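Hi everyone, thanks for coming. Today I'd like to walk you through one protein model, piece by piece. Have a look at it first, and then we'll go around it together.

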Amino acid sequence: MAFLPAYLLDYLNVAETCRAQWLPALSVLIAAACILYTSWQYRKRHSSSRPPGPKGLPIIGHLHLLGNSPHKALFDLSKLHGPLMWLRFGSIPVIVASSPQAARLILQTHDQIFAGRPRPAAGVVTLYDCTDIAFCPPNSYWRLMRQICVTDLVSPKRVESFRHVREEEAHRLVRAIKKEFMDATSGDSCAELTSQVMVAIRPHLLQASNNMVSKMVLGKTLHEMISTDSHIVDPSLNLVHLLDELLQCLNIFNISDLFPLIAWMDIQGVRRRGCQIARNLNILLQEILDSRRRSRPCGSTIDSSTREDLLDLLLSLSSKESITDDNIKAFILDMFIGGTDTSAYTIEWALSELLASPQELKLVQEEIEKVVGTERMVEETDIAHLPYLRAIVNETMRLHPVVLFLIPHVATQSCKLIGFDVLENTQVYVNAWAIGRDADTWDEPLLFKPNRFLNSNLSVEGKNFELLAFGAGRRGCPGSLLGLLNVQIQLASLLQGFNWRAPPEFDLQEKFGLITIKDNPLVAMVAPCLPTHLYHTEGGIS
Ligand code: HEM
């Protein structure tokens, strides 16, 4: 009411009491009219030249069209409005790319402009104010951290130096499932030949991927760390659970991110929850750093009994490159977030597709038996000789790219995109899921047909815009080689170690999220199929 000038009040000639009653309503009306007029002017200026899209609603924009499976809804809309669509999620303008050509425009032709990232409220509080690589804006700090990541931490040479870790954990995974089988059959050795046992596979996969990342980054699994480094841990703080909670927090479709004007209200309590998780994670991670500094003071050489892990490397680089402890902790979180669930859920999808296609399962198991035999466990050097296995991983990533919108990109400046106007700060969703089902690119796109990759040069590692499981361009996944090797060796070991069958109740339903997973966790009927001694010791590994 204060903004109504006095002469207007006099003109209206309203008594004080009367003013008090209807002036607030009049103020709201005038304010609403101003907003509508400004937004009409804005739309008039921009709507003719922006990419096509469906009609939206006031305030919520197109949120009502997304439903429980936004990737499917947007795929269907792209069939009506084209592969480059404009929408609004709350107050955030969004472009959705749904074909390889549209993705190339964003991730290659205009890569530099679209290298920005949003700042989700959960990321701001949990990821050290988005100073991790994945959510950092494309500034000089991000370039430095990304360069260190690519050239030092996950370079092909460094990834090769951790081959033993991947093989150990893949074989440990097989032993863990065999143990569950033995427990269920009460150790009856005859049962090995005759029974199949229902095993919940997901927890084993998550544990194996977690162990792999943890051993590479911290030199130990998280469980070893908790049991051996007792001084590190406040028993009420559990790193495994905290990382899990962190992912859940990042996974929430947060209203505050869609309506920044009301972000302060924190309607879903994401910021509050995130602050709690961040506080506890920070205590644990700082203790891990301090403990490492105590045990290996700066400048001390690492003897042959202690292999160098990525934390050693980061600490030694930090003195040269002015990297702070918070930067190192943010990077550790990136490795866990980026490397754990992505691999585990991709393997779960691969196994699920194979259970739904028993002929493909048979073919790949025959390939492994022919190349590796049954007297030793599969090793990473075998993968080069297992084209069908590699084709299965590619086909799985085509149909089930677990980060199916990539991490949203943001336009860092206004630009023209094939004649359309795109304004600064527009978010970009590349629908990798839709691109994997693009009927102009793929023959029978909805079928699981690994042999389409047998005589093909297509690769999932960001060189082909038809296959974007790892994204592409300057924000593409720096850990793609490592991720791919993790998936391949674990899948090969599981397929070699067991006969598999789908349980009676089985489906391939998806549950949408930052990482899109199988809605019903995979439970499978398994039976060991290798000589018993290979499961009992690590001697399976030559
Ligand atoms: C199967 C395993 C993996 C999959 C499917 C995957 C997928 C992806 C995708 C789709 C992106 C977003 C790309 C974009 O926005 O254009 C990404 C980014 C990223 N990934 Fe991965 N990833 C995997 C494994 C890993 C591993 C092992 C690491 C560890 C180094 C990692 C670290 C990262 C980082 C740091 C980013 C952010 C890059 C940036 O914004 O500059 N990822 N990943």
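**Around the ligand**

Let's begin at the ligand. Of the 26 residues around it, the ones that come nearest are Gly338, Gly471, Cys477, Gly479 and Gly483. Which elements give two or more residues to this shell? They are α16, residues 325-339, α17, residues 341-356, and α21. The largest share comes from α16, which gives four residues. If we sort the shell residues by class, we get 14 nonpolar, nine polar and three charged.

Before we go further, please keep in mind that this is a predicted model.

Now let's step back to the whole protein. In its secondary structure there are 22 helices and eleven strands. The protein has 542 residues, and buried residues make up 40% of them. Next, think about contacts between residues at least 6 apart in sequence: 73% of these join residues at least 24 apart.

On to the core. Here is a general idea for those of you who are new to this: in soluble globular proteins, nonpolar side chains tend to be buried together. In this model, the largest nonpolar core has 136 residues. The residues with the most contacts inside that core are Ile95, Ala97, Ala103, Ile106, Val430, Leu468 and Leu491. Which helix gives the most to this core? That is α21, with nine residues.

Leaving aside neighbours within four places in sequence, Leu468 is in contact with Ala103, Pro401, Leu406, Val430, Ala432 and Ile435.

Helix α18, residues 358-372, packs with helix α21, residues 480-497, at an angle of about 90 degrees, and their axes are 9 Å apart. So these two helices, α18 and α21, are roughly perpendicular to each other. From the α18 side the contact uses Val364, Gln365, Ile368 and Val372, and these meet Ala492, Leu495 and Gln496 in α21. By class, that contact has five nonpolar residues, two polar ones and no charged ones.

Now another residue of α18: Glu367 lies in this helix too. Is Glu367 buried or partly exposed? It counts as partly exposed because it has 19 C-beta neighbours inside 10 Å, and a buried residue needs 20 or more. Not counting residues up to four places away in sequence, Glu367 touches Leu386, Tyr388 and Leu389. Thr396 is 29 residues from Glu367 along the chain, and their C-alpha atoms are separated by 18 Å.

Tyr535 is placed in helix α22, residues 533-536. With 20 C-beta neighbours inside 10 Å, Tyr535 counts as buried. Apart from neighbours within four places in sequence, Tyr535 is in contact with Val174, Arg175, Lys178, Pro528 and Leu530. Look at Lys178 in that list: Tyr535 and Lys178 are 357 residues apart along the chain, and their C-alpha atoms are separated by 7.1 Å.

Ala170 has its place in helix α8, residues 163-184. Ala170 is buried, with 27 other C-beta atoms within 10 Å. Setting aside neighbours within four places in sequence, its contacts are Ala208, Ile489, Gln490 and Ser493. Asn486 is 316 residues from Ala170 along the chain, with 8.3 Å between the two C-alpha atoms.

Trp442 is partly exposed, with 18 other C-beta atoms within 10 Å. Between the C-alpha atoms of Trp442 and His223, 219 residues apart along the chain, there are 44 Å.

Last stop: the backbone. Most residues other than glycine have a negative phi. Which value does Asp129 have? Its phi is near 55 degrees, which is positive. Asp129 sits in the loop between α5, residues 121-126, and α6, residues 140-153. Asn425 also has a positive phi, about 75 degrees, although it is not a glycine. You'll find Asn425 in the loop between β6, residues 420-422, and β7, residues 427-430. Asp129 is partly exposed, with 14 C-beta neighbours inside 10 Å, and Asn425 is partly exposed with 14 other C-beta atoms within 10 Å.

Methods: Residues numbered from 1 in each chain as written. Predicted model: local features only at pLDDT ≥ 70, side-chain atom pairs only at ≥ 80, totals over all residues. Axes fitted to C-alpha atoms, helices over the stretch in contact; angles between N-to-C directions. Parallel < 35°, antiparallel > 145°, perpendicular 65-115°, else oblique. Contact = placed C-beta atoms within 7 Å. Nonpolar A, V, L, I, M, F, W, Y, C, P; charged D, E, K, R; others polar. Near = placed C-beta within 6 Å. Buried ≥ 20, exposed ≤ 12 C-beta atoms within 10 Å, placed from the backbone. Core = buried A, V, L, I, M, F, W, Y, C linked by C-beta atoms within 7 Å.
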